[in-house]
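User: Hey, I'm new to this one and could use a quick tour. Can you put it up on the screen?

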Amino acid sequence: MNKDFFKKHPLIKHLLYMLVLSVVIVVLAFLFIKAVARQGQEYELPDICGTSLEQLKDDNPLHFTYVIIDSVFDAEKPGGTVIQQDPKAGTMVKTHRKIYVTVTSFAPADVVLPELSNMSVRSAVSALEAAGMHCGKLKFVDSPYRNMILEASSKGKLVYAGEKMNQGDAVDLTVGMGETPVGTRVPFVIGQVASKARRGILSASLNVGVEHWDGVSNRNEAVCFKLYPDYTGVTRYPLGTEVEIWYCDATEADVERIISNFKVDSTQIFTTQFDKYYDDYYTTEEDVDFDEGWDW
């Protein structure tokens with residue numbers, strides 16, 4: 001094409017100018033959006049659990065905005081300590097991203113002890129958690145009312161329904177043994193976080209024994225990978241038996257692998273007086289609910 005062509009066809013010349021201008025505008029717009037959105041500029045989100053809010057203010061090179069969505073009292077941690085974060089550590093994020101955190105409160109809130117008398121252990125454990133407390137130890141005593149809550153205490157003193165307590169307080173329960181010796185099985189809590197594992201064990205009328213946290217970086221997200229006594233699905237133990245728990249850090253994929261790789265240790269399967277007694281005498285609907293109605 002030459003100048004004479006464009007002189008004869010000015011419309012084509014203007015259309016070419018418009019096409020070139022459109023391409024330039026699109027390229028500039030794309031570059032602008034990329035710069036504003038910081039495409040490709042992502043950073044790995046660090047693990048901030050265990051860090052105080054004051055530390056995050058002083059050490060925030062990526063200019064994250066931390067949004068507190070909940071607070072929980074924890075007597076073992078100072079107030080203002082991050083215990084959960086969303087997104088999780090290791091997520092690729094851009095600068096100035098909002099990070100949602102749960103922190104420890106500086107003082108426990110007041111809560112009211114619910115009515116626990118005449119409840120089953122499982123119901124009482126759930127009622128305490130719903131009220132902002134948790135079950136401490138189960139003490140089984142001679143009583144014709146099997147698996148029924150007889151008394152509640154905290155810090156060595158009896159407590160009663162309607163009494164004001166601190167959020168997070170542990171409440172110990174005195175429970176009826178029943179007129180006949182009956183045992184209970186260790187529930188399957190492998191792969192569960194500590195709060196759910198404890199709830200499952202307590203709901204099975206067993207006590208939580210020593211908890212092992214070796215190598216765990218975040219106790220709120222660590223999962224159970226080992227128990228003693230082991231889960232067998234068969235062997236029964238005396239009510240109130242302590243169950244030791246081992247925890248480890250785990251991703252979702254790790255949890256699936258832990259559960260799928262779990263195998264019952266055949267050496268731990270043995271017959272006790274409770275197994276024989278249950279098989280011989282306990283076949284009523286009430287007893288099945290007592291033994292197998294746990295909320296795992």
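Analyst: Here it is; keep in mind that this is a predicted model. Let's begin with two strands, β3 and β5: they pair in the antiparallel sense, over four bridges.

User: Which residue stands opposite Val 101 in β5?

Analyst: That's Gln 85.

User: And what order do the strands of that sheet have?

Analyst: The order is β2-β5-β3, in an open sheet of three strands with mixed pairing. β2 and β3 stand at the edges and have a single partner strand each, so one side of each is left without a neighbour in the sheet. On average, neighbouring strands here are turned by 25° against each other, direction ignored.

User: OK, what about the open sheet of four strands, what's the order there?

Analyst: That one goes β7-β11-β8-β9, again an open sheet with mixed pairing. Its edge strands are β7 (134-141) and β9 (157-159), and each of them pairs on one side only. Neighbouring strands in this sheet are turned by 35° against each other on average, direction ignored.

User: How many bridges join β7 to β11?

Analyst: Six, and the two strands run parallel; β11 covers residues 170-176.

User: Switching to pockets. How much space lies in the largest pocket?

Analyst: About 1400 Å³. It's lined by 37 residues, and those nearest its centre are Phe 73, Asp 74, His 134, Ser 195 and Arg 198.

User: Which element gives the largest share of that lining?

Analyst: α5 does, with six residues. Several elements supply at least two residues each, among them β2 (65-72), β3 (82-86), β5 (98-104) and β7. α4 (121-130), α5 (194-203) and β13 (207-212) also belong to that group.

User: So how do the lining residues divide into nonpolar, polar and charged?

Analyst: For the largest pocket you get 13 nonpolar, 12 polar and 12 charged.

User: And the second largest pocket, how much space lies in there?

Analyst: About 400 Å³. It has 15 lining residues, and the closest to its centre are Lys 88, Ala 89, Glu 221, Ala 250 and Thr 251. By class, its lining has six nonpolar, four polar and five charged residues.

User: New topic: how many aromatic pairs does a search of the whole structure find?

Analyst: Five. One of them is Phe 188 with Phe 262, an edge-to-face pair at 5.3 Å centre to centre with 70° between the planes.

User: Where do those two lie?

Analyst: Both are in loops: Phe 188 between β12 (183-185) and α5, Phe 262 between α6 (252-261) and α7 (273-281). So the pair ties together parts that are 74 residues apart in sequence.

User: How exposed is Phe 262?

Analyst: Phe 262 is partly exposed, as its relative accessible area is 25%. It also forms a pair with Tyr 231, a tilted one at 6.3 Å centre to centre with 50° between the planes.

User: Which residues do the ring pairs link into a cluster, then?

Analyst: Phe 188, Tyr 231 and Phe 262.

Key. Residues are numbered from 1 along each chain as its sequence is written. This is a predicted model: local features need pLDDT of at least 70, side-chain atom pairs count only at pLDDT 80 or more; totals for chains, interfaces and linings use all residues. Side-chain values use heavy atoms; hydrogens and water are left out. Two strands pair if DSSP finds at least two bridges between them. Axes are lines fitted to C-alpha atoms, for helices over the stretch in contact, and angles run from 0 to 180 degrees between N-to-C directions. On a 1 Å grid over the protein atoms alone, a cavity is a set of points where a 1.4 Å probe fits but cannot get out, and a pocket is an open set with protein on both sides within 12 Å along at least five of seven lines; lining residues have an atom within 4 Å of a point. Grid points are joined across faces, edges and corners, and a volume is the space filled by probe spheres set on the points. Ala, Val, Leu, Ile, Met, Phe, Trp, Tyr, Cys and Pro count as nonpolar, Asp, Glu, Lys and Arg as charged, and the others, Gly among them, as polar. Rings of Phe, Tyr and Trp (its six-membered ring) pair if their centres lie within 6.5 Å; planes under 30 degrees apart count as stacked, over 60 as edge-to-face and the rest as tilted. Buried means under 20% relative accessible area, exposed over 50%, partly exposed in between (1.4 Å probe, protein chains only).
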